[in-house]
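Reader: I've got a structure open here and would like to talk through how it is put together. Shall we take a look?

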Amino acid sequence: FTGFCTGILGDLIFLASVVCMRDNWRAGIPDKDKTELVTGGIYKFSRNPAFLGFDFMYIGLLLMYFNLPMLAVSVFAIIMLHLQILQEERYLTENYGESYREYRKHVFRYLGRR
């Protein structure tokens with residue numbers, strides 16, 4: 001039950017991130033498309049709520065079906081998502097400059113505000 005609730009929480013966090021992004025949603029790091037920097041809604045509490053939602057989904061699955069293969073898949077996925085975040089942060093810093101650096105001062109990478 002705990003795993004199911006954790007997975008559902010991840011789904012809801014991901015959904016909130018998509019809703020707040022509206023037309024600024026993209027997969028990966030774009031070559032040419034420049035979107036707005038979204039800092040409202042759930043992005044006031046997490047710089048990466050979509051990835052946070054995915055992490056909760058993997059943790060929920062792990063809690064529901066705890067075994068070594070699921071542990072390996074979950075750990076691998078969470079590490080890969082973190083590496084994607086690091087790439088995206090470099091892109092956002094290069095493209096949004098001071099406004100993104102200021103946003104980083106107030107909102108944690110995963111969850112929380114300063």
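Reader: Let's start with the packing. Which residues of helix 3 does helix 2 meet?

Author: Bear in mind that this is a predicted model. On the helix 2 side, the contacts come from Phe 51, Phe 54, Asp 55, Tyr 58, Ile 59, Leu 61 and Leu 62. Their partners in helix 3 are Met 70, Leu 71, Val 73, Ser 74, Ala 77, Ile 78, Leu 81, Gln 84, Ile 85 and Glu 88.

Reader: And are helix 2 and helix 3 roughly parallel or antiparallel?

Author: Their axes lie 9 Å apart and pack at an angle of about 175°. Angles over 145 degrees count as roughly antiparallel. So helix 2 and helix 3 are roughly antiparallel.

Reader: What about helix 1 and helix 2: at what angle do their axes cross?

Author: Helix 1 covers residues 2-21 and helix 2 covers residues 49-64. Among the residues that meet are Phe 4 and Phe 14 in helix 1, with Phe 56 and Met 57 in helix 2. The crossing is left-handed. The axes come within 7 Å, and the crossing angle is roughly 165°.

Reader: Where is the kink in helix 3 centred?

Author: Helix 3 runs over residues 68-106, and a straight helix of its 39 residues would reach 57 Å. Its end C-alpha atoms are only 38 Å apart, though. There is a kink of about 125° in this helix, centred on Gly 97.

Reader: At the start of helix 3, which backbone nitrogen does Asn 67 reach?

Author: Asn 67 uses a side-chain oxygen here. That oxygen comes to within 2.8 Å of the backbone nitrogen of Met 70.

Reader: Last one: what pattern does the protein follow along the sequence?

Author: The protein has three helices and zero strands. Its C-alpha trace spans about 45 × 25 × 25 Å along the principal axes. Read along the sequence, the pattern is α-α-α.

Key:
Residues numbered from 1 in each chain as written. Predicted model: local features only at pLDDT ≥ 70, side-chain atom pairs only at ≥ 80, totals over all residues. Heavy atoms only, no water. Helix = DSSP H or I, 4+ residues; strand = E, 2+ residues; numbered from the N terminus. Expected span 1.5 Å × (residues − 1). Bend = angle between axes of the 7 residues up to and from the residue. Polar contact = N/O pair within 3.5 Å; in protein donor to acceptor, adjacent residues only side chain to side chain. Axes fitted to C-alpha atoms, helices over the stretch in contact; angles between N-to-C directions. Left-handed = near helix turned anticlockwise from the far one by under 90°. Contact = heavy atoms within 4.5 Å. Parallel < 35°, antiparallel > 145°, perpendicular 65-115°, else oblique.
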